[in-house]
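My notes follow the model.

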Amino acid sequence: MAETTKGWTTQINEITGLYQGAFADLTPEQINWKPNPAKWSIGQVIDHVITLNETYYPIVEQLKAGTYRKHWLSRLPFLVRWFGKFILDGVEPQRKRKMKTFPLWEPAQSNVPGDIVARFAEHQKQLGKMMADCSPFVLSGAVISSPANRNIVYKLGTAFDIILAHERRHLNQALEVLEWMKNKG
């Protein structure tokens, strides 16, 4: 289990470095630049990632407190595996297809503060600590429901894999926005 936690920590550190390296020196105007009204800015992408990740915190707190109530679907191992694989495949970093997010995870619609990259780095530290603290639950095969839909169930370890793949997917999206911004002028 320590190897899995270490793997997640390594990935978090790598992803954080990639976000910081690409976006830390951008001005607030650049952070909020959008290629068109239908697209997200870099700031909105990062805000979305933070927002989504933080929706897992109450679930983890309930697991720690022993108050988490598993959905009855979590007793169906084939369904738990299927949902986990389906969601993980859906957030693959290569972004072959666009996905609509749940309203719960929509990014800020107005200007995102210019310190969003620093906030992301701090968020990543908290995320890494949360994942490390959850080692016993991952080891025991704890099953949770998606924060967006209680009927979607998967293992907590799979949730962490989904979070990290999702972060990489949106890094690619934000890099595309950065490239569009560079090419416009």
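I take helices (H or I, at least four residues) and strands (E, at least two) from DSSP runs, numbered from the N terminus. The model is predicted.

**Entry: loop residue.** I looked up Trp-72 and found it in the loop between H4 and H5. Is Trp-72 buried or exposed? I call Trp-72 exposed, because its relative accessible area is 53% and the cut-off for exposed is over 50%. I then checked Trp-72 against Val-153, which lies 81 residues away along the chain. Their C-alpha atoms are 9.4 Å apart.

**Entry: core.** I turned to the largest nonpolar core, which has 52 residues. Which members touch the most others? I noted Phe-23, Ile-42, Ile-46, Ile-144 and Phe-160. Elements that each supply at least two core residues include helix H1 (2–23), helix H3 (42–54), strand S1 (143–145) and strand S2 (153–155). H8 gives the largest share, 12 residues.

I followed up on Ile-144. Setting aside neighbours within four places in sequence, I found Ile-144 in contact with residues including Tyr-56, Ile-59, Leu-63 and Tyr-68. Val-153, Leu-156 and Ala-159 are also among the contacts of Ile-144.

**Entry: helix pair.** How do the axes of H6 and H8 cross? They come within 12 Å and cross at roughly 160°. I therefore list H6 as roughly antiparallel to H8. The crossing is left-handed. From H6, I logged Phe-120, Gln-124, Leu-127, Met-130 and Met-131. They meet Phe-160, Ile-163, Leu-164 and Glu-167 of H8. By class, I count seven nonpolar, one polar and one charged residues in this contact.

Note on methods: Residues numbered from 1 in each chain as written. Predicted model: local features only at pLDDT ≥ 70, side-chain atom pairs only at ≥ 80, totals over all residues. Heavy atoms only, no water. Core = buried A, V, L, I, M, F, W, Y, C linked by side-chain atoms within 4.5 Å. Buried < 20%, exposed > 50% of the residue type's maximum accessible area, 1.4 Å probe, protein only. Contact = heavy atoms within 4.5 Å. Axes fitted to C-alpha atoms, helices over the stretch in contact; angles between N-to-C directions. Parallel < 35°, antiparallel > 145°, perpendicular 65-115°, else oblique. Left-handed = near helix turned anticlockwise from the far one by under 90°. Nonpolar A, V, L, I, M, F, W, Y, C, P; charged D, E, K, R; others polar.
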